[in-house]
Amino acid sequence: MEKYAQLVVRSKSVSIDDLFTYKIPEFLLCDLKVGHRVLVPFGQGNKPTEGFVFEINDKSKLEDGKLKQIIDILDENPMLRVEDLELINWMRNRYLCTYMDCINLMYPKGYKLNSYRIINLGDSLRSLSDTDLYIELEKLNNSQKEVVEKVINSKGRLKVDNLESICKNTNEIYKMNKEKLIDLSWAYESKKNEKKICYVSLSMSKEKIDDYIVENKIRVTELQRNILNFLENNDDVEINDLLDLLSVHRQSITSLQKKKLVTLEFKDYYRQPEHIFTQQSKKVKLNEEQISAVQKITSEMFNDDKKPYMINGVTGSGKTEVYMEIIEYALEQGLDSIFLVPEISLTPQVIDRLKNRFGSIVGVFHSKLSEGQRHDVYRAVREGRVRILIGPRSALFAPFNSLGVIIIDEFHEGSYKSEQNPKFSTIEVAKFIGLKNKVSVVLGSATPSVDEYYRAKSGQYNLINIRQRANKKPLPKIEVVDMKKELTNGNKSIFSFRLQEEIKRTVESGNQVILFLNRRGYANFVSCRSCGFLFQCENCDISLTYHKESNTGRCHYCGYEVKIPKKCPECDSEYLKPFGVGTQKIEEELQGIFPNVNILRVDKDNTSKKGSLEEILNKFESGEAQILIGTQMISKGLDFANVTLVGILSADMMLNFPDFKSFESTFQLVTQVSGRAGRAEKEGNVILQTYDTNHYAIRRAINYDFDGFYEDEIKIRKAFGYTPFNNMLSVVISGKNEKTVIESAKNMYNSIVYLLENRGINNFDFILGPNPCSISKIDKNYRWQLLFKDDNIEINLLKGIIKYICITKREVVFRKGVNISIDINPNSVL
DNA sequence: AGCACGCCGACT
DNA sequence: GTCGGCGTGCTC
């Protein structure tokens with residue numbers, strides 16, 4: 001009986017985001033499984049294309065004549081598991097993205113299919129003798145002649161891309177193809193980024209080899225003799241070592257192989273990511289709260305209907321120890337674990353603790369891993385050599401055979417929401433996986449997000465509280481300094497008198513200080529005090545951040561950089577002045593106040609190089625410096641025993657950010673940063689500088705009153721209809737041409753209104769916009785936005801309509817050259 | 001993305 | 001009347 005496969009083909013075009021039916025040839029019938037990667041002909045040109053089998057059926061909706069056949073299976077085992085397919089379907093619908101967007105998350109880019117067109121001589125020229133061919137050639141025009149000559153010289157290995165120098169467009173090529181002057185055919189290569197290492201050994205025992213050479217009268221050169229001698233004493237030598245040690249060429253070895261004296265064997269090689277940060281592992285005894293958290297979760301591990309868990313534990317409550325106990329229990333039961341962290345490069349200490357405890361079965365996914373290393377980790381997970389994977393949100397899709405636990409540490413962090421397609425929420429996806437595959441999902445944070453805490457309170461999570469720090473020390477006291485008063489007392493510096501005094505005291509007593517400021521660079525912007533001219537990015541709607549060491553203004557969005565001149569380009573005055581403070585300026589001023597103190601700085605500007613963050617942290621840990629200045633990067637995961645003072649230089653900077661989540665992030669940052677103080681035996685102290693001493697986010701934060709903050713914040717969210725009470729859907733339309741962007745945005749609004757009116761909906765208050773985005777231009781692209789709340793409209797109806805307009809009717813509604821970005825519950829609406 | 005088809009203006 | 005540019009639409 002005929003069988004048919006429903007598959008998704010790899011393509012960059014949104015309009016091909018659908019299931020296509022192919023016939024399964026008989027020779028593949030028993031091998032082909034759902035989830036397999038296959039090779040299929042696609043489009044009028046039958047281009048060899050990668051496909052992913054989603055279904056296998058007995059019947060086809062389409063008539064047989066329209067169907068093509070699958071050519072081959074590309075991998076021995078299906079690349080996607082049945083549960084992956086289910087997840088892909090769910091994500092595609094939830095985040096309004098394509099199948100391919102989701103599939104791309106599931107396996108590393110190393111598995112690739114490249115197809116290209118090969119040109120040969122066409123039928124009308126092929127059988128001709130040399131002289132006839134010459135005559136035919138003379139009849140052609142110049143460019144045709146050149147093409148045919150190139151084809152003749154290339155011996156059938158000519159790619160169409162190589163002809164671009166001759167033909168301006170590929171049209172000419174197609175025409176020649178039709179006239180049978182040339183023949184176009186497809187070729188493809190399937191890549192698997194699996195690094196193999198070649199090992200060399202003698203093909204027979206050393207006793208026999210000399211006889212063999214004599215018997216068969218084999219000539220062996222001196223170099224080759226050396227190789228054989230070496231191999232007689234060392235079996236299984238890596239070929240590169242052999243080449244290096246004996247300084248011979250590969251040629252010698254291949255010739256020995258041809259003479260059947262040595263054998264080459266390819267073995268898998270696993271690239272080991274190196275690892276720099278070192279820390280002594282301290283064995284900890286869990287306190288009662290920690291033990292009961294572990295017991296609650298482990299005791300339910302095999303329950304079918306368990307809810308996800310939320311651990312709300314104060315900073316320093318030893319959540320990592322709890323996670324490790326859970327992972328160990330799972331391991332004893334034969335279950336694998338995924339440990340998600342917000343950004344892997346920021347948590348070297350956590351990785352180290354896991355590696356110390358569990359050894360080589362711990363795998364790490366890095367944003368800084370090479371594609372090959374990532375590939376190796378993926379395979380190690382598949383083959384069961386890695387049982388615990390620690391990584392950022394992408395680690396969620398690792399192909400574990402028996403996954404038991406997903407831990408999301410610091411789950412309130414923004415990096416858990418993807419900014420690229422599919423714009424998924426890690427928490428939502430983890431919960432989906434947990435529900436479908438009976439996996440225990442554990443969210444942990446000292447400062448849960450308001451959204452998830454609301455869900456916990458309404459019973460969607462098992463809420464576990466840990467209220468005591470592991471070292472039983474009280475949380476560091478947070479002292480507020482009113483910067484308005486500092487100003488009236490004549491202190492214009494960034495450092496209040498209190499903070500200066502405390503830094504001095506701390507350093508003198510041999511302890512360490514962490515200073516936090518959420519802005520890198522030297523100054524916020526450069527402006528002319530005479531005429532008000534502001535240095536702005538050419539490509540973005542953003543003022544340039546001043547970087548002193550290079551005397552430039554830099555755009556933190558697109559990387560644009562420009563020298564700051566001595567005189568104002570507008571009015572020629574010399575009153576150009578940098579305004580606002582960044583970490584670089586803090587460093588400079590602090591060094592001025594404390595010339596004998598060593599200061600380290602950590603921000604995106606000096607940690608982009610691999611290992612540089614670890615290096616700085618190691619220096620700080622070893623006491624080489626007394627003060628560490630940093631941005632968000634130092635707000636979490638760091639554990640330094642000697643830090644007794646934390647200074648938060650400007651809490652307002654975050655508070656005044658124009659986004660509805662800015663109060664929440666202020667509260668979170670203050671709490672997290674304060675938690676860096678007094679983590680070991682010594683008591684910690686925090687000084688928080690602000691102009692707005694009365695804001696509830698600040699007041700609640702200094703008392704570590706999360707529940708109080710939550711109560712304040714949730715009222716506001718409810719009043720304005722923000723999450724968690726409503727879903728918010730953002731559609732950003734961008735493009736280089738401002739006019740077409742605006743036109744498209746207005747078109748979209750009108751189309752939606754039209755469709756909704758047809759369904760009897762007349763109140764459109766839930767649509768905000770179209771408006772220019774707060775940052776109305778990024779990297780030369782103008783940006784307009786439409787915001788939807790599912791206030792009085794069913795979310796699936798809304799999503800259906802948006803999908804219909806943005807994808808199905810895309811060409812009708814949107815002008816050419818505009819991009820559409822759809823985001824469900826975006827992190828920020830800028 | 002490709003590739004083909006078809007409409008329209010320019011040129012023999 | 002024909003050639004070639006490009007806009008349009010489909011891909012199992």
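The model is a predicted one. At 1% relative accessibility, Cys 568 counts as buried, because buried means under 20%. Leaving out residues up to four places away in sequence, Cys 568 touches Cys 528, Cys 531, Phe 533, Ser 573 and Leu 576.

**The cysteine site**

Two of those contacts belong to an annotated group. An unreviewed UniProt entry gives the annotation "binding site" to Cys 528, Cys 531, Cys 568 and Cys 571. These residues span 44 residues in sequence, yet no two of their C-alpha atoms are more than 8.6 Å apart, so they gather at one spot.

Now take Cys 528. Cys 528 belongs to strand β22 (residues 525-528). Its relative accessible area is 2%, so Cys 528 is buried. Beyond its neighbours within four places in sequence, Cys 528 is in contact with Phe 533, Cys 568, Cys 571, Ser 573, Tyr 575 and Leu 576.

**The whole chain**

Chain A has 830 residues, and 51% of them count as buried. It holds 27 helices and 34 strands. Along its principal axes, the C-alpha trace spans about 100 × 80 × 70 Å. Take the contacts between residues at least 6 apart in sequence: 74% of these join residues at least 24 apart.

The accessible surface comes to about 39,700 Å². Carbon and sulfur atoms account for 47% of that surface. As for charge, chain A carries 117 positive and 111 negative side chains. The centres of the two sets lie 2 Å apart.

**Nonpolar cores**

Which residues have the most contacts inside the largest nonpolar core? They are Ile 406, Val 731, Met 748, Phe 788 and Ile 802, in a core of 119 residues. Helix α25 (residues 738-758) gives the most to this core, with seven residues.

Met 748 shows what such packing looks like residue by residue. Not counting residues up to four places away in sequence, Met 748 touches Val 731, Ile 733, Leu 786, Phe 788, Ile 802, Ile 805, Cys 806, Val 813 and Phe 814. There is also a second, separate core of 29 residues. Among its members are Ile 297, Tyr 323, Val 341 and Val 442.

Helix α19 covers residues 583-593, and its buried residues are Thr 583, Gln 584, Lys 585, Ile 586 and Leu 590. What do these buried residues pack against? Their partners are helix α18 (497-508) and the strands β21 (512-516), β23 (545-547), β27 (599-602) and β28 (627-630).

Leu 125 lies in helix α3 (residues 123-126). Its relative accessible area is 3%, so Leu 125 is buried. Leu 125 and Ile 182 are 57 residues apart along the chain, and their C-alpha atoms are separated by 7.8 Å. Beyond four places in sequence, Leu 125 is in contact with Leu 133, Glu 136, Val 148, Lys 180 and Leu 181.

Is Lys 192 buried or partly exposed? Its relative accessible area is 37%, so Lys 192 is partly exposed. Lys 192 is placed in the loop between β9 (182-191) and β10 (196-202). Lys 192 and Lys 112 are 80 residues apart in sequence, and their C-alpha atoms are 6.5 Å apart in space. Again leaving out residues up to four places away, Lys 192 touches Arg 37, Leu 74, Asp 75, Gly 110 and Tyr 111.

**Backbone exceptions**

Most residues other than glycine have a negative phi, and most peptide bonds are trans. The table lists some exceptions in this chain.

| Site | Feature | Angle |
|---|---|---|
| Asn 421 and Pro 422 | cis peptide bond | omega about -10° |
| Thr 723 and Pro 724 | cis peptide bond | omega about 5° |
| Asn 551 | positive phi | phi about 50° |
| Tyr 704 | positive phi | phi about 55° |

Where do these sites fall? Pro 422 is in the loop between β17 (403-409) and α15 (426-437). Pro 724 is in the loop between α24 (706-720) and β31 (728-735). Asn 551 lies in the loop between β23 and β24 (552-554). At 30% relative accessibility, Asn 551 counts as partly exposed. Tyr 704 has its place in the loop between α23 (696-702) and α24.

Notes: Residues are numbered from 1 along each chain as its sequence is written. Chains are lettered from A and ligands numbered from 1 in the order in which they are written. Side-chain values use heavy atoms; hydrogens and water are left out. Helices (H or I, at least four residues) and strands (E, at least two) are DSSP runs, numbered from the N terminus. Buried means under 20% relative accessible area, exposed over 50%, partly exposed in between (1.4 Å probe, protein chains only). Contact means heavy atoms within 4.5 Å. Accessible areas come from the Shrake-Rupley method with a 1.4 Å probe; for residues, only the protein chains shown count as cover. Lys and Arg count as positive and Asp and Glu as negative; His and the chain ends are not counted. The place of a charge is taken as NZ of Lys, CZ of Arg, CG of Asp or CD of Glu. UniProt positions are given in the numbering used here, feature names are shortened, and annotations may be inferred rather than shown by experiment. A nonpolar core is a set of buried Ala, Val, Leu, Ile, Met, Phe, Trp, Tyr and Cys residues joined through side-chain atoms within 4.5 Å.
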